[in-house]
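Subject: Two-chain model, handover and notes

Hello,

Please find the structure below, followed by notes on what was found in it.

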Protein chains: 2
Amino acid sequence: MQRICFRLQIDPDLLDRYRQLHRDVWPEMREALSKAGWHNYSLFLEPDGTLIGYLECEDFDLAKKMMEATDVNKRWQASMSQFFKDLGAMAPDQAMKPIEEIFHLP
Amino acid sequence: MQRICFRLQIDPDLLDRYRQLHRDVWPEMREALSKAGWHNYSLFLEPDGTLIGYLECEDFDLAKKMMEATDVNKRWQASMSQFFKDLGAMAPDQAMKPIEEIFHLP
């Protein structure tokens, strides 16, 4: 099992809307994530727009690819791209780069 | 159960040493954390010195207080303080402020 952490940057002017949309993530998006192997997945948001993701999965590359293959993910990422900074042409999920884990206590 | 995420800043010049010390955290420090209710606790380190912590616990304030009451934590935090930036007079564990969780998928 892999423990994955990533960091992205949300536009600080749009935090309220971003927070609100994540209170009601589409049920089919939640279901697609679960089916693709995203477990115990949390997003944490700081006042400066720092967004931290944590999840557990068997294989993050595979879990990402399985999501990329779904139609609901394309629609979700398209609706999210406006909130992110410094992504260029990347969809937000393509920018999720795992950060090195240096310590773990079960 | 609470899911806690915090962010701290390590001196980028000292990352190798910090990483190395976390490969061999003292067994009594690991044991004290477990006894104080720190579960599934990971530290993630970025090349720029951003340190992200994630853990699960029943009550983070209580889990912190239980650690603060141990002798091994005082020694550990004293040996860690040199690595952190912008802490002032705080011990590193005192600076662990939970970041708002805005989304969770079990």
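Chain A can be laid on chain B with an RMSD of 0.0 Å, by a turn of 180° and a shift of 0.0 Å along the axis; the superposition is by least squares on the C-alpha atoms of residues with pLDDT of at least 70 in both copies. That is the relation of a two-fold axis. In chain A, the C-alpha nearest the axis belongs to Tyr54(A), at 3.9 Å. The same surface serves both copies, since 100% of the contact residues of chain A recur in chain B. Here two residues are in contact if their C-beta atoms, placed from the backbone, lie within 7 Å.

Provenance and conventions

This is a predicted model, in which local features need pLDDT of at least 70 and side-chain atom pairs count only at pLDDT 80 or more, while totals for chains, interfaces and linings use all residues. Residues are numbered from 1 along each chain as its sequence is written, and chains are lettered from A and ligands numbered from 1 in the order in which they are written. Chain A has a mean pLDDT of 95, with 100% of its residues at 70 or more; pLDDT is the predictor's confidence in each residue, from 0 to 100. For the complex, the predictor gives an ipTM of 0.94 and a pTM of 0.95.

The single chain

Chain A has 4 helices and 4 strands, and along the sequence they follow the pattern β-α-α-β-β-α-α-β. Helices (H or I, at least four residues) and strands (E, at least two) are DSSP runs, numbered from the N terminus. The C-alpha atoms of chain A fill a box of roughly 35 × 30 × 25 Å along the principal axes.

The contact between the chains

The contact takes 28 residues from chain A and 28 residues from chain B. On the side of chain A that touches chain B, strand S1 (2–9), helix H1 (15–23), helix H2 (27–35), strand S2 (39–45), strand S3 (50–57) and S4 each supply at least two residues. By class, that side of chain A has 15 nonpolar, 6 polar and 7 charged residues. Ala, Val, Leu, Ile, Met, Phe, Trp, Tyr, Cys and Pro count as nonpolar, Asp, Glu, Lys and Arg as charged, and the others, Gly among them, as polar.

One open sheet has 4 strands in the order S1(A)-S3(A)-S2(A)-S4(B), with antiparallel pairing. S1 of chain A and S4 of chain B stand at its edges, each with a single partner strand, so one side of each is left without a neighbour in the sheet. The twist averages 15° from one strand to the next; axes are lines fitted to C-alpha atoms, for helices over the stretch in contact, and angles run from 0 to 180 degrees between N-to-C directions. Two strands pair if DSSP finds at least two bridges between them. S1(A) and S3(A) are antiparallel over 8 bridges, and Ile4(A) has Leu55(A) as its bridge partner in S3(A). Between the chains, S2(A) is joined to strand S4 (residues 100–105) of chain B by 5 bridges, also antiparallel. In that strand, Glu101(B) stands opposite Phe44(A).

Another open sheet of 4 strands has the order S4(A)-S2(B)-S3(B)-S1(B), again with antiparallel pairing. Strand S4 (residues 100–105) of chain A pairs with strand S2 (residues 39–45) of chain B in the antiparallel sense over 5 bridges. Glu100(A) has Leu45(B) as its bridge partner in S2(B). Within chain B, S2(B) and strand S3 (residues 50–57) run antiparallel and are joined by 5 bridges. S2(B) and S3(B) form a hairpin with 4 residues between them, and Gly49(B) in the turn has a positive phi of about 95°.

Regards
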